Structure formats: structure tokens, C-alpha cells
Amino acid sequence: MTGSQILLECFKQEGVDTVFGYPGGTVINIYDDLMKSEDIQHILPRHEQAAVHAADGYARATGKVGVAIATSGPGATNTITGIGTAYMDSIPMVVITGQVPTPLIGNDAFQEADIVGITRPITKHNYLVKDVKDLARILKQAFYIARTGRPGPVVVDLPKDVQIAETDFEYPEKVELRGYKPTYSGNVRQVAKAAKMIMQARKPVIYVGGGATLSDADKELLKLAEMIQAPVTTTLMAMAAFPQTHPLALGMLGMHGTYYANMAVTNSDLLISLGARFDDRVTGKIATFAPDAKIIHVDIDPTSIKKNVRVDLPIVGDLKDVMKKLVKELGENKSELKKLSKELAPWREEIDGWKKSHPLTYKQSKSEIKPQFVIEKLRELSDDDAIVTTEVGQHQMWTAQFFKFLQPRTFLSSGGLGTMGYGLPAALGAQAAFPKRQVIDISGDGSFQMNSQELATLVQYRLPVKIVILNNNFLGMVRQWQQLFFDKRYSQTCLELPIDFKKLAEAYGATGFSVSKPGEVEETIKKAFATDGPVIMEFKVSREENVMPMVPAGAGLNEMVLAS
Amino acid sequence: MKHTISVLMENEFGVLSRISGLFSGRGFNIQSLSVAPTLDPSISRMTIVTSGDEQILEQINKQLNKLIDTIKVIDYTSEGQPFVERELALIKVNAEDNTRAEVMRIVDIFRGKVIDVTPKSYTLEMMGTPEKVNAIVEILRPIGIKELVRTGPVVLGRGAKGWKSA
Ligand SMILES: Cc1cc2nc3c(=O)[nH]c(=O)nc-3n(C[C@H](O)[C@H](O)[C@H](O)COP(=O)(O)OP(=O)(O)OC[C@H]3O[C@@H](n4cnc5c(N)ncnc54)[C@H](O)[C@@H]3O)c2cc1C
Ligand SMILES: Cc1ncc(C[n+]2csc(CCOP(=O)(O)OP(=O)(O)O)c2C)c(N)n1
Ligand SMILES: [Mg+2]
């Protein structure tokens with residue numbers, strides 16, 4: 001078999017059914033073989049960045065490894081933002097890049113870029129394949145590394161001559177990597193200690209991160225929370241891992257978290273951190289972060305533990321495994337548990353007090369559409385299993401606050417890198433994985449224009465993504481900071497040129513709606529959901545609305561600004 | 001605090017840049033690094049001297065371990081493991097009529113060797129712990145060092161066991 005045939009055969013063996021890619025000179029052989037392949041659906045986004053985000057959206061929605069292909073040089077460099085986005089959020093992905101033929105590498109050949117060098121700091125691992133005999137082994141390793149342990153993107157750089165060269169194909173059954181053995185099984189003695197700490201706590205808070213999604217531990221999480229009747233706060237990456245309508249749900253913590261989540265963390269005596277990495281958006285000022293709490297930190301990646309905060313009890317392992325053990329350990333003693341639940345009643349009451357005094361809210365308006373209102377309506381009118389993606393900005397934070405997620409893997413958002421332009425191609429990828437489910441991209445007018453070319457892809461492949469543009473004619477999130485911290489000097493954040501988004505949709509053969517009255521919101525959403533194919537709903541929203549509450553940069557979680 | 005760490009890695013293309021990229025990208029300090037293949041040519045061994053507070057050193061160790069190509073990390077300093085340490089330096093020093101004898105005396109005291117001679121200079125080979133190399137450098141400095149190259153230290157744990165059983 002040739003190298004490019006081996007590549008497609010490996011895809012098949014790995015169960016890859018969909019790939020997102022863009023052709024060019026150094027991958028032309030792969031594309032020639034793809035044409036003959038019936039097992040693999042190839043989707044052609046209009047930009048390599050979008051191909052990678054689409055593979056990322058596919059991966060987040062399904063839990064499988066996303067696959068993207070790009071040609072050498074500019075194709076490969078266009079993938080960088082997508083790879084960086086996936087890396088920061090630990091998303092399993094394999095990116096295949098074409099490379100100039102091996103004898104030309106290092107010669108500044110046409111469309112040559114050292115993509116292995118460029119992507120080294122933003123991949124979990126990467127490879128340059130120099131010999132076709134190594135190809136099957138490397139691909140096996142690439143998929144294995146991408147999906148196991150703490151997941152992440154892996155780049156495989158494939159020179160053109162290696163794609164053409166022939167060898168016998170044999171897919172290795174096992175992966176032999178002496179330097180890579182992620183710890184899945186949590187230490188039982190540590191788990192027992194954790195159970196003891198939980199039984200002694202009087203103000204516990206469960207702090208859940210993206211690891212709960214990555215290890216599909218949502219059921220165990222629900223069980224644990226209900227078992228000990230402790231409140232649950234989720235990071236941006238975990239909003240869908242715990243039903244946000246649950247009485248124990250505190251919503252998001254951190255910079256734009258709820259007042260009550262941040263107060264609960266600040267006043268807690270035990271913080272049970274499950275697959276979260278104490279990001280600076282979450283902790284605020286470290287000195288005042290959960291000052292009286294003992295901290296249990298469960299994470300599969302030892303580098304996450306004690307990186308930013310002190311930890312009293314570290315447990316390295318897969319969250320699902322650790323939670324199963326923990327639930328079992330705690331479940332042994334039913335009467336003690338009952339007692340604990342009673343002991344925690346005053347704590348729950350204290351939290352309910354914060355919920356009542358400072359609920360998540362906004363001022364409704366009769367004349368202007370409030371962005372938060374659109375999001376509440378979207379939740380009300382969409383299916384429970386609707387998949388929501390966002391771009392980055394105010395609309396993203398409002399989505400986290402007001403869209404009460406109910407099911408795991410239904411919220412796809414770029415948290416770590418914070419990539420504007422992520423949401424539309426990610427929605428494309430999620431819709432390709434689940435053609436029958438509702439997929440909604442909640443977007444801002446600024447972010448939308450970073451990958452709006454993907455409207456073409458949606459229309460071509462009949463991917464009926466519903467796009468919501470909360471149009472404030474501003475780079476709203478930055479404007480908010482300028483308002484609050486730079487005396488309203490709106491330097492370069494007003495997007496002056498009004499764009500006719502309805503017409504833009506129509507130019508691509510999609511449907512467009514544009515409304516500016518609150519009374520039209522519900523009807524527009526209903527119409528959009530009833531429309532076949534992709535739709536843009538533009539909502540001209542209140543322009544200077546702010547995301548509140550917020551923790552100003554450098555302040556502690558207990559120093560929230562409540563309104564502007 | 002100064003730490004001496006040995007890293008055993010797959011002898012693959014690009015491993016050195018993975019290490020140097022890790023240190024520069026995360027702002028870790030690197031004082032010296034030496035690298036060469038081991039008895040098993042598929043494994044290369046690096047000796048890194050670095051410094052930082054306890055938390056940073058813990059991160060350095062974990063981040064090194066996290067690299068897919070890393071087979072083993074031994075932080076001799078934090079494991080409190082006794083080890084032997086040697087560094088090689090080549091020193092080209094002024095040696096004119098009035099200083100030649102003086103330089104020779106110093107070389108003898110430090111058990112160094114002269115490995116190249118010209119009417120105006122000696123080139124010395126000096127092997128020992130980094131402290132010993134520092135000492136001879138300081139003594140020779142007033143005489144005039146024209147050029148100096150150091151390998152950075154290499155280390156092995158004391159005792160009968162090799163790293164595989166350590
Ligand atoms: C404009 C903007 C504002 C933001 N504001 C906020 C905010 O107010 N609040 C907020 O929470 N976030 C906010 N974010 C997101 C923030 O930047 C971080 O991305 C986020 O907080 C990180 O979430 P996490 O801790 O869940 O970590 P993730 O990045 O999801 O990391 C997951 C962790 O789980 C571990 N893990 C992976 N797999 C497993 C497994 N199988 N078992 C156990 N552990 C595993 C990983 O090693 C890692 O440590 C904001 C982002 C943007 C762009
Ligand atoms: C690629 C990229 N460039 C710049 C930023 C910085 N940034 C964060 S939010 C934001 C404004 C986003 O505007 P818009 O998409 O209209 O969303 P809004 O905040 O108005 O809801 C900018 C510029 C970013 N996150 N990503
Ligand atoms: Mg905007």
C-alpha cells in the first residue's frame with residue numbers, strides 16, 4: 001500500500017467516519033485516495049482554521065477523536081489557532097499536515113513550514129514521518145495519545161514522498177510507549193482519605209471542571225452531589241456536566257460566575273475539585289481564594305495539581321474511576337451519610353440566602369432586546385439535547401449564565417484560548433456528527449466575522465445550524481472593560497459598519513432573520529427552528545449591556561462588582 | 001535552590017527542542033544542559049542543572065515527566081539521592097614568560113592537564129566537580145583567560161544500582 005492508502009486504512013481502523021480538511025499540493029495524493037473511499041465522509045470547510053475547529057466541535061460533541069487535514073505551508077499555518085484552541089481545552093484530535101518531500105525539507109522549499117517546530121508547544125505530541133514503514137505505528141500512537149490520559153491534539157506531518165512510497169500494511173495491535181503511561185486508577189487510600197474529609201466537612205463545595213466532560217463522569221457526579229447534598233459549581237468547561245436546573249447547582253464560578261457560587265467557594269471549609277485546573281479566571285486573587293478550605297484535587301494530569309494553589313489531598317487518576325470509588329466508599333455508611341446531609345442543612349440555607357439576595361438577573365426592557373432574554377428564550381424553545389456552541393465575548397458569558405444546560409456535551413466553547421471564530425465551525429462539526437439534533441451557534445457580531453465563510457459549508461452539506469447573532473455593534477467584552485476600567489474610552493471596539501446579516505445569509509443560500517423588538521424574539525426563534533437548513537437570526541440588542549456580576553482583574557472572588 | 005536532574009529520553013529527532021522549548025516556554029531557569037546517547041542507543045540522557053523554589057521544581061519534574069518521549073526523570077537533589085558529579089572544562093590561558101611557571105603550578109595543584117601549547121598560551125583540560133572548575137577559573141582569571149568552554153556537569157547516582165532499578 002502507499003502511504004496515503006495506509007493513512008486512510010488507519011482512519012478506518014480507528015473508527016473515523018468524518019474528516020474535515022482542505023486540499024493542496026502536498027496532500028493531493030491523499031485526496032485522490034479519499035475520492036475512492038466509501039467509509040470516510042470528507043467535509044470541506046472554507047478555511048483550514050475552520051477545519052480544525054470543526055474537528056474540535058465534532059470531538060467535544062461525540063467524545064471521539066476529531067480529525068483534520070491540511071496541506072503544507074499556509075495550509076498548515078492556518079491550523080495553528082485551531083490546534084492551540086484544542087490544546088488549551090484538552091480536546092482529542094489528530095491533525096494531518098502535508099509536508100514537502102523529505103529530500104527538500106530544510107531547503108526553504110515551496111510551501112515549506114516547520115510545522116512540527118511551530119506546533120511543539122501547542123500539541124500533546126507531534127511527529128514528522130520520514131519513512132513509510134513507520135507510518136502505521138505513528139498513526140496508531142497518534143490516536144492513542146490524543147484520546148488517552150489528559151486528551152489533546154497530535155500533529156502528524158506527512159511528507160509527499162512518504163505518501164507515495166509503498167510498504168506492507170500492518171496495523172499494530174498494541175501501542176508501545178515506554179515513556180507514556182497515564183494513571184487511570186485512583187489510589188484507594190487517597191480516596192478513603194477524601195471520603196473522611198468529606199464526612200467531616202460542614203461547608204463543602206464541589207468544584208467541577210472540563211475533566212468531568214472529558215471522562216464522561218456526569219452520572220457519577222450527580223450521584224456524589226446528591227449523596228452528600230453538597231452544592232456544585234462548574235467552570236465554563238463543565239456547565240453541561242451537571243444539570244443547571246438542579247437545586248444543588250450554583251452555576252459558574254469565577255470572573256463572571258454567580259455571586260452565590262463565589263461566596264460559597266470563599267466561605268467553604270472543603271473544596272472538592274474534580275477535573276478542574278484552578279485557572280486564573282476562576283480563582284481571582286489567589287490569596288483570598290477559598291482561604292479557609294481544605295482542598296481535594298482530583299486530576300489525571302499531575303501537572304495540574306499544585307500548579308496554582310496549595311492542595312491538601314491530591315488524587316491522580318481518571319475522574320470517573322475516582323468518583324466511582326468515592327461514591328462506593330461513601331455509600332458504605334448510610335446512617336452517617338444521612339447525618340451528614342442534616343449537618344449540611346445550615347450551609348445550604350446560607351447559600352440559599354445568597355441566592356435570594358443576589359440572584360443572576362438583568363433588567364428587562366420593553367423597547368430594546370436584552371441579550372440575556374434571547375438566551376433564556378433559546379433555552380425555553382430548544383430541545384433538551386440541543387448542542388450550543390459560542391464564540392468569545394459577552395454573548396459567551398451570557399450563554400454560560402443563562403442557558404441552563406441539561407445534558408453532557410451540549411455546550412462547546414473555547415475557554416482556555418478564548419478563540420473568537422470558534423463557534424460557527426465547531427457547530428458545523430457537531431452538526432456533522434449529529435445531523436438530527438438541534439445545533440445552535442450563539443455568536444457576537446465581531447466573532448461571527450472571523451469565520452463567516454463557513455456559511456458556505458453549512459449550506460453545501462445541508463448542515464442546519466441555527467446561528468444567533470447578538471448584535472451590539474461592539475466588540476462588547478472589550479468595550480465593557482473600557483467602560484469600567486478605561487473611563488469609557490472606546491478605542492477600536494465600535495464596529496461601525498452596519499452589516500446586513502440577513503442578506504449575508506441569503507447570499508450563501510441560507511435563511512436570515514433580523515429583528516430589533518423584544519416582542520419578535522420568541523416568534524423568530526420558533527420560525528428559525530422550523531426552517532430547514534442553516535439560519536441566521538440577528539438580534540439587534542441593547543448596545544451597552546454589561547456582563548454582571550464580575551470580579552475585576554486582580555481582585556478576589558469576594559470582591560464582586562454586582563452592577564454597572 | 002540548585003537542582004541536578006537526569007532525564008532519560010527516547011533518542012528521537014527533536015527531543016532536545018522539546019526540552020529546551022519546555023524550559024523557555026514556561027519560564028523555567030536552565031543553568032546547564034548536557035546530552036548524549038546512552039549504552040542503549042535508543043535512549044539519550046540529559047543532565048540538567050536548574051533552580052527555582054519548591055513549587056517550581058515540582059512543576060519542572062512533572063512537566064518533564066509529561067513529555068511523551070520522557071522515559072525517566074531523576075531529580076537527585078530533591079530525592080536526596082547521593083550522586084557523583086563531574087564537569088569538563090577547556091581553558092585557554094595566557095602563558096607568557098612571566099606567567100608560564102605560575103600556570104603550570106596551578107594546573108598541578110588542580111590535577112589538570114595541558115593539552116595544547118604555544119609560546120603565548122596553554123590550553124588546559126580540567127575535570128572535576130563544577131565547584132572545582134569554578135575554583136581554577138577564579139585563580140586563572142587574573143592571569144588572563146582567552147577562552148573557556150565547559151560541558152556542564154554530568155552525574156550518576158552512587159551505589160551499585162543503575163537507573164533502571166533505581
Ligand atoms: C472571556 C472569557 C471569560 C471566562 N470567564 C470564566 C469564568 O468566569 N469562570 C470560569 O470558570 N471560566 C471562565 N473562562 C474559561 C477559563 O479561561 C478556563 O478555560 C476554564 O476556567 C478552565 O476550566 P477547567 O478548570 O474546567 O479546565 P479544563 O481546561 O477543562 O481542564 C480540564 C482539567 O481536567 C483534567 N482532566 C482531563 N481529563 C481528565 C480525566 N479523565 N480525569 C480527571 N481529570 C481529567 C485535565 O488534566 C485538566 O486539568 C472564561 C473564558 C473566556 C474566554
Ligand atoms: C481571535 C481573538 N481576537 C481577539 C480577542 C479578544 N476579544 C475577546 S472578546 C472580544 C469581543 C468579541 O466581540 P463580539 O464577538 O461582538 O462579542 P460580544 O462581546 O460583543 O458579545 C475580543 C475582541 C479574542 N478573544 N479572540
Ligand atoms: Mg458584539
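## Ligand 1

Let's begin with a contact: a backbone N or O atom of A:Gly210 lies 2.7 Å from an oxygen atom of ligand 1, a polar contact being a pair of N or O atoms within 3.5 Å. A polar backbone atom of A:His256 is 2.8 Å from an oxygen atom of ligand 1, and one of A:Gly211 is 3.5 Å from an oxygen atom of this ligand. Taken alone, ligand 1 exposes 990 Å², of which the protein buries 96% (Shrake-Rupley accessible areas, 1.4 Å probe).

The model is predicted: local features need pLDDT of at least 70 and side-chain atom pairs count only at pLDDT 80 or more, while totals for chains, interfaces and linings use all residues. Residues are numbered from 1 along each chain as its sequence is written, chains are lettered from A and ligands numbered from 1 in the order in which they are written, and side-chain values use heavy atoms, without hydrogens and water.

Around ligand 1 there are 37 residues, and A:Arg277, A:Asp299 and A:Asp318 are among the closest (a residue counts if one of its heavy atoms lies within 4 Å). By class, this shell has 14 nonpolar, 16 polar and seven charged residues, with Gly counted as polar. In chain A, α10 (211-214), α13 (280-283) and α18 (394-402) each supply at least two residues of the shell; helices are DSSP runs (H or I) of at least four residues, numbered from the N terminus.

Ligand 2 has 17 residues around it, with A:Gln394 and A:Gly476 among the nearest. A polar side-chain atom of A:Ser447 lies 2.6 Å from an oxygen atom of ligand 2, and a polar side-chain atom of A:Asn472 lies 2.9 Å from an oxygen atom of ligand 2. The protein covers 77% of the 590 Å² of accessible area that ligand 2 has on its own.

## A helix in chain B

In α1 (residues 15-25) of chain B, the buried residues include B:Val15, B:Ile19 and B:Phe23. Seen down the axis of α1(B), its buried residues fall within an arc of 125°, so they line one face of the helix (the arc is that of the directions from the helix axis to the C-beta atoms). On the other side of α1(B), B:Ser24 and B:Gly25 are exposed.

How values were computed. Polar contact = N/O pair within 3.5 Å; in protein donor to acceptor, adjacent residues only side chain to side chain. Buried < 20%, exposed > 50% of the residue type's maximum accessible area, 1.4 Å probe, protein only.
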